[in-house]
Amino acid sequence: APVTINNAPTVTINASESAELITPMLHVSGDIVAGGNITDSIRSMAEDRTLFNAHTNGSGTTTPSPQQ
């Protein structure tokens with residue numbers, strides 16, 4: 001059954017191991033703040049930052065490196 005929470009200034013879920021949302025789409029209307037890494041099926045955002053920070057811009061048609 002659907003659960004709706006209205007007008008709550010804060011909602012806290014305390015889970016001893018994890019909380020999982022199984023849904024085809026997650027809509028967030030505000031910022032997302034994480035105390036740890038954010039990871040997709042490829043790699044973490046921290047790994048993306050490492051790749052980005054290490055890449056060099058080529059000139060003309062040169063491909064930047066490193067690549068994925």
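Guide: A residue is called buried when its relative accessible area is under 20%, exposed when it is over 50%, and partly exposed in between, with a 1.4 Å probe and protein chains only. By that rule, 3% of the 68 residues in the protein are buried. The model is a predicted one, in which local features need pLDDT of at least 70 and side-chain atom pairs count only at pLDDT 80 or more, whereas totals for chains, interfaces and linings use all residues. Residues are numbered from 1 along each chain as its sequence is written, and side-chain values use heavy atoms, with hydrogens and water left out.

The protein exposes about 6800 Å² in total, and carbon and sulfur atoms supply 52% of that area; the areas come from the Shrake-Rupley method with a 1.4 Å probe, and for residues only the protein chains shown count as cover. One helix and zero strands are present, where helices (H or I, at least four residues) and strands (E, at least two) are DSSP runs numbered from the N terminus.

Helix 1 spans 45-54, and N7 is placed in the segment before it. N7 has a phi near 55°, a positive value in a residue other than glycine. N7 is classed as exposed because its relative accessible area is 79%.

R43 also belongs to the segment before helix 1. Its relative accessibility is 17%, so R43 counts as buried. The R43 side chain makes a polar contact with the side chain of D48, at 2.3 Å. Such a contact is a pair of N or O atoms within 3.5 Å; within protein, one must be able to donate a hydrogen and the other to accept it, and residues adjacent in sequence count only if both atoms are side-chain atoms.

S44 likewise lies in the segment before helix 1. With a relative accessible area of 7%, S44 is therefore buried. Leaving aside residues up to four places away in sequence, S44 touches N37, I38 and T39, contact being heavy atoms within 4.5 Å.
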